[in-house]
Amino acid sequence: MKRLRTFLVAGLLIWVPLGITIILIKILVDLMDQTLLLLPIAYRPETLLGFRIPGLGIVLTVTVLLVTGIFVANILGRKLVNFWERILNRIPLV
């Protein structure tokens, strides 16, 4: 019985984070598809190109994630490093 419980917990540890990740990605892609509808009709990709581009929400999602990562890694990361160095400078003998 203990082995079955171990296998059950191991399976949950694999499937629960995977399921949550898939659900969050689907929510983000749907959100990005909906934000394209906020554009004026003249500037929507379907109007400009004359046909619908499937997966444009995925491209927009990846772009938003990359820009966020760049922002956090460069600007916020630099501020965190400066903050940590100021703390270390206040400690004697460091």
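A salt bridge here is a side-chain nitrogen of Lys or Arg within 4 Å of a carboxyl oxygen of Asp or Glu. By that criterion the structure, which is a predicted model, holds 1 salt bridge.

Let me start with that pair. The partners are Asp30 and Lys26, and their closest N and O atoms are 2.9 Å apart. Both sit in helix H1, 4 residues apart, so about one helical turn separates them. How exposed are the two partners, Asp30 and Lys26? Asp30 has a relative accessibility of 34%, so it counts as partly exposed. Lys26 comes out at 52% and therefore counts as exposed; the cut-off for that class is over 50%.

Next, the nonpolar surface. Leu8, Leu12, Val16, Ile20, Ile23, Leu24 and Ile27 make a nonpolar surface patch of about 670 Å². Take Ile23 as one of these residues. Ile23 is in helix H1, and because its relative accessibility is 52%, it counts as exposed.

Now the pockets. What is the volume of the largest pocket? The value is about 170 Å³. On how such space is found in general: rolling a probe the size of a water molecule over the atoms shows where empty space is left. The lining of the largest pocket consists of Asp33, Gln34, Leu36, Leu37, Arg44, Glu46, Arg52, Ile53, Pro54, Gly55, Leu56 and Gly57. By class, that lining divides into 5 nonpolar, 4 charged and 3 polar residues.

Which helices each supply at least two residues of this lining? They are helix H1, spanning 2-36, and helix H3, spanning 56-90. H1 gives the largest share, with 3 residues.

Leu37 lies in the loop between H1 and helix H2, the latter running over 45-49. Is Leu37 buried, partly exposed or exposed? With a relative accessibility of 45%, Leu37 counts as partly exposed, because that class lies between the 20% limit for buried and the 50% limit for exposed.

I will finish with two distances between C-alpha atoms. Leu37 and Ile75 are 38 residues apart along the chain, and their C-alpha atoms are separated by 31 Å. For Phe71 and Val9, 62 residues apart along the chain, the C-alpha separation is 37 Å. Phe71 belongs to helix H3. Its relative accessible area is 46%, so Phe71 is partly exposed.

To recap, the predicted model has 1 salt bridge, a nonpolar patch of about 670 Å², and a largest pocket of about 170 Å³.

Methods
Residues numbered from 1 in each chain as written. Predicted model: local features only at pLDDT ≥ 70, side-chain atom pairs only at ≥ 80, totals over all residues. Heavy atoms only, no water. 1 Å grid on protein atoms, 1.4 Å probe; cavity = no way out; pocket = protein on both sides within 12 Å on 5 of 7 lines; lining within 4 Å. Points joined across faces, edges and corners; volume = space filled by probe spheres on them. Nonpolar A, V, L, I, M, F, W, Y, C, P; charged D, E, K, R; others polar. Buried < 20%, exposed > 50% of the residue type's maximum accessible area, 1.4 Å probe, protein only. Patch = residues over 30% accessible without salt bridge, like charges linked within 9 Å, V, L, I, M, F, W, Y side chains within 5 Å. Areas by Shrake-Rupley, 256 points an atom, 1.4 Å probe, with all protein chains shown as cover.
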